[in-house]
Amino acid sequence: MIAGGIALWDANRKVQLLASLDFRIHDPGIPENVLTTIRNAELTAYDDMGLVRKAVENIQDSLALLWPGLAFSYDFSIGPYCIKASTVREMVDFALDEEYLTLNSERSSRYNEVLPLFALQPSINDWEASVLLEYLRRRHPGLRNMTWQAIAADPNAIAKLYSGYMGAGGDWARWESDLVPGAVSRDRLGYDPATGKYAAVAPSN
């Protein structure tokens, strides 16, 4: 009964935290085929994981719901787009600065505590990924001068963004130095060196 009472208290606390957040999201305007490509690549990568790895990912999502602070401490990747908790915080700060997110309360530790919950809300998963992709486009010297329409029509540019989406292997200087996608990105998106085409990149409209 004690454990049940603690769980009920914790659930009520999270409901109150979420209820206290008054926010609006604004679409950065990422083309649908870019989002579809990345979403499908992440879902395929999840399907290809072993049972143990899948179990770990599922546990991380559950822990992020129960103990958001723990997700930040260990920087779990959460949600269908596998966005790390630290990236969620940075992405939301960027969204606030660029007015993709309107938050009618202060950025506080209480707000940060529920950020991982955002990554587990289906209604705003696409928005989160869109903001992150816009951040990556602006960060890259070559991509920032391309319009989203041009990127959507260029599978290589999409693959380059996906390299950054996955963390650029931790070498951001190298990622920013050219427009060549990383090996993992090319592999996940079905790159064929013989034809130069990507089998898993969704076509633009």
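1. Glu176 has a relative accessible area of 25% and is therefore partly exposed, where buried means under 20% relative accessible area, exposed over 50%, and partly exposed in between (1.4 Å probe, protein chains only). Arg139, at 26% relative accessibility, likewise counts as partly exposed. These two residues form a salt bridge, with the closest N and O atoms 2.7 Å apart; the term denotes a side-chain nitrogen of Lys or Arg within 4 Å of a carboxyl oxygen of Asp or Glu. The pair links distant parts of the chain, since Arg139 belongs to helix 8 and Glu176 to helix 11 (residues 172-177), 37 residues apart. Helices (H or I, at least four residues) and strands (E, at least two) are DSSP runs, numbered from the N terminus.

2. The model is predicted: local features need pLDDT of at least 70 and side-chain atom pairs count only at pLDDT 80 or more, while totals for chains, interfaces and linings use all residues. Residues are numbered from 1 along each chain as its sequence is written, and side-chain values use heavy atoms, with hydrogens and water left out.

3. In total, the structure holds nine salt bridges. Side chains of opposite charge can pair when their charged atoms come close. One of the bridges joins the side chains of Arg39 and Glu32 (3.8 Å, N to O), and Glu32 is partly exposed, with a relative accessible area of 43%.

4. Within helix 3 (residues 51-66), which contains Glu57, a further salt bridge pairs the side chains of Arg53 and Glu57 at 3.3 Å, N to O. Both residues lie in helix 3, four residues apart, or about one turn of the helix. Arg53 counts as partly exposed because its relative accessibility is 46%, whereas Glu57 counts as buried at 8%. Apart from neighbours within four places in sequence, Glu57 is in contact with Tyr46, Met49 and Ser77, contact meaning heavy atoms within 4.5 Å.

5. The axes of helix 8 (residues 122-139) and helix 10 (residues 155-165) come within 10 Å and cross at roughly 105°. Axes are lines fitted to C-alpha atoms, for helices over the stretch in contact, and angles run from 0 to 180 degrees between N-to-C directions. The two helices are therefore roughly perpendicular to each other (under 35 degrees counts as roughly parallel, over 145 as roughly antiparallel, 65 to 115 as roughly perpendicular and the rest as oblique).

6. In this pairing, Leu132, Leu133, Leu136 and Arg137 of helix 8 meet Leu161, Gly164 and Tyr165 of helix 10. By class, the contact has five nonpolar, one polar and one charged residues; Ala, Val, Leu, Ile, Met, Phe, Trp, Tyr, Cys and Pro count as nonpolar, Asp, Glu, Lys and Arg as charged, and the others, Gly among them, as polar.

7. Helix 5 (residues 85-98) has 14 residues and reaches 20 Å from its first C-alpha to its last, close to the 20 Å expected at 1.5 Å a residue; the expected span is 1.5 Å times one less than the number of residues. Its buried residues are Ala85, Val88, Met91, Val92, Phe94, Ala95 and Leu96. Glu99 follows helix 5 and has a positive phi, near 65°.

8. Asn33 lies in helix 2 (residues 32-47). At 7% relative accessibility, Asn33 counts as buried. Not counting residues up to four places away in sequence, Asn33 touches Ala152, Ile158, Ala202, Pro203 and Ser204.
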